[in-house]
Number of protein chains: 2
Amino acid sequence: MSVPRRGRPAGPTGPVIGRALRLLDAFDAQRRELTLSELARRADMPLSTAHRLMQELCAWGAVERGTDGLYRIGLRLWELGSLAPRGPGLREAALPFLEDLSQITKENVQLAVREGTEVVFVERIAGSGAVPVLTRVGGRFALTATGVGLVLLAHAPAEVQEEVLNGPIDRYTAKTVTDPVQLRRMLADTRSNGFSVSDRQVTMDSLSVGAPIRDRHGVVIAAVSLVVRHGSTTPHALARLVRTSAQAISRALSA
Amino acid sequence: MSVPRRGRPAGPTGPVIGRALRLLDAFDAQRRELTLSELARRADMPLSTAHRLMQELCAWGAVERGTDGLYRIGLRLWELGSLAPRGPGLREAALPFLEDLSQITKENVQLAVREGTEVVFVERIAGSGAVPVLTRVGGRFALTATGVGLVLLAHAPAEVQEEVLNGPIDRYTAKTVTDPVQLRRMLADTRSNGFSVSDRQVTMDSLSVGAPIRDRHGVVIAAVSLVVRHGSTTPHALARLVRTSAQAISRALSA
DNA sequence: CTAAGGGCTTCCATTTTCCGGAAACAGCGC
DNA sequence: GCGCTGTTTCCGGAAAATGGAAGCCCTTAG
């Protein structure tokens, strides 16, 4: 009396949009092209579900599918992303100043904003022959370790600070500060000095100094930093340059 | 006997993802910040529906909501967009060559790819004192009018060419070519010459010359163009420069 | 002070869309 | 042929989506 069972009694899954976005999240800098199976695996969902969702995303142009069957992020999404105010807008306004900084110091220059409890790197200019750094434009990092991160954390809402300081704090080197009490002191210093210093906290041969960029209301919305080889200069010499540059960018943004 | 009717009998709507993407589409270069009501209006859906969908998008970081209640495109979307291979990757590889071209000519330089039956501008360098152009990075335009558009159309799959040539063809000036027969001839010329010429087809004081950028297999994936004031130079003088630049970019991409 | 208007948020009965196992399909190497 | 891997289609059942209505919070007007 029973028809040959088709489909599945359907269990609690969650909002569709969430699952679609999980699929998009499967893409990253290392994996810009994925097969359907890889997508399904990485997003942890059945193949047929992934297939249907990807079809819809494809139809709209959020993702594209090559003749080889691989999925890639589509131009439509790039266009949309170009409309994000903090990323591209800030980036364009700051670029000339970052280039000045790069010209003068020949070191690595970084521009970043805070997203939740992480740093997102918006622009990065590699100094000729400077220390290699781990970061990538569009990439993320913990707020507690880098020069830009410390600046952004120091000026973040109290609840964000608490969440970060009470949560587990990633360690990258032997010098990474993971003690909440010590971190609080560093944040206070960052606020009173107007710049942050991250000494060998990310890699053992690098030091970075960051300064805050403010909008017209004085709210900190981004941070610049110089990343140099540890021991090549004193933090204070860099701080002057970075602060000046950050202030110039802040003024340019308010105009 | 009837309880005070709540909710609505629900009518046929369509896939959720489509509606969510329609909401995102409501953002454009002019309107980077929208209220919920504007979003609902532009995406043509009930307020409560828009509200629920935006909440989900917000939760993931696709959009952000300021303290003022306005919605903006979120950083997460910008990050994702940065992973699109055609946009950013091509852009970075081509940028040095475009700057050379801009330095030499002091004119407007444009880099574009095809998306469906439209041109998408990936990069644009404004020449100092050159003719003002209408286009914007991330913007779209018809394939039939611009220098880059003609190149991309000339090398598009036959079905795309037919769709464009048989469909309605937008007119921008008195000189815009809208006759399919004449356009076919122009496309044939573009292919045999290795460059396209758009003479006063977009505005009455501009002329643009475009050339194809190819991947390692020889497939045309993008186009460069110079846009100059009409009458300031002959197309052939520009063609040499643009073709050389396009070939250099093609080689850089294959490496 | 009350009223009116604009925008935002929550609620919930209805039903539409989504879910995903299974089975068929398409390559490829052996 | 057979097995293997990755992709596509199918469809009954169930969860998630839907959107009027009502409640909120403002600011402006009377």
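A:Asp100 is partly exposed, its relative accessible area being 45%. This value, like the others below, comes from a predicted model. A:Asp100 lies in helix H5 of chain A and takes part in a negative surface patch to which chain B also contributes, through B:Glu99 and B:Asp100.

**The negative surface patch**

- Four residues form the patch: A:Glu99, A:Asp100, B:Glu99 and B:Asp100.
- Two elements each supply two or more of the patch residues, namely helix H5 (85-105) of chain A and helix H5 (85-105) of chain B.
- Patch members must have over 30% relative accessible area, and A:Asp100 has 45%.

**Chain A as a whole**

- Nine helices and nine strands make up the secondary structure of chain A.
- Chain A has 255 residues, of which 50% count as buried.
- Taken along the principal axes, the C-alpha atoms of chain A fill a box of roughly 80 × 40 × 35 Å.

**The three-stranded sheet in chain A**

- Chain A holds an open sheet of three strands, in the order S1-S3-S2 and with antiparallel pairing.
- At the edges of this sheet stand strand S1 (33-34) and strand S2 (63-65) of chain A; each has a single partner strand, so one side of each lacks a neighbour in the sheet.
- Three bridges link S2(A) with strand S3 (residues 71-73) of chain A in the antiparallel sense.
- Within chain A, A:Val63 is placed opposite A:Ile73, a residue of S3(A).

- The antiparallel pairing of S2(B) with strand S3 (residues 71-73) of chain B extends over three bridges.
- B:Ile73 in S3(B) has B:Val63 standing opposite.

**Strand S4 of chain B and its partners**

- Strand S4 (residues 108-115) of chain B is largely enclosed by the rest of the structure, because seven of its eight residues are buried.
- S4(B) runs antiparallel to strand S5 (residues 118-125) of chain B, and seven bridges join the two.
- B:Glu115 faces B:Glu118 of S5(B) as its opposite residue.
- S4(B) and S5(B) form a hairpin with two residues between the strands, and in this hairpin B:Gly116 adopts a positive phi near 65°.
- S4(B) is also joined by five bridges to strand S9 (residues 220-229) of chain B, again in an antiparallel arrangement.
- Opposite B:Leu111 stands B:Val224, which belongs to S9(B).

**A buried leucine in chain B**

- B:Leu57 belongs to helix H3 (residues 47-60) of chain B.
- With a relative accessible area of 3%, B:Leu57 is buried, because the cut-off for burial is under 20%.
- From C-alpha to C-alpha, B:Leu57 and B:Glu107 are 41 Å apart in space, and 50 residues separate them in sequence.

Methods
Residues numbered from 1 in each chain as written. Chains lettered and ligands numbered in written order. Predicted model: local features only at pLDDT ≥ 70, side-chain atom pairs only at ≥ 80, totals over all residues. Heavy atoms only, no water. Patch = residues over 30% accessible without salt bridge, like charges linked within 9 Å, V, L, I, M, F, W, Y side chains within 5 Å. Areas by Shrake-Rupley, 256 points an atom, 1.4 Å probe, with all protein chains shown as cover. Salt bridge = Lys/Arg side-chain N within 4 Å of Asp/Glu carboxyl O. Lys, Arg positive; Asp, Glu negative; His and termini not counted. Charge placed at Lys NZ, Arg CZ, Asp CG, Glu CD. Helix = DSSP H or I, 4+ residues; strand = E, 2+ residues; numbered from the N terminus. Buried < 20%, exposed > 50% of the residue type's maximum accessible area, 1.4 Å probe, protein only. Pairing = 2+ DSSP bridges.
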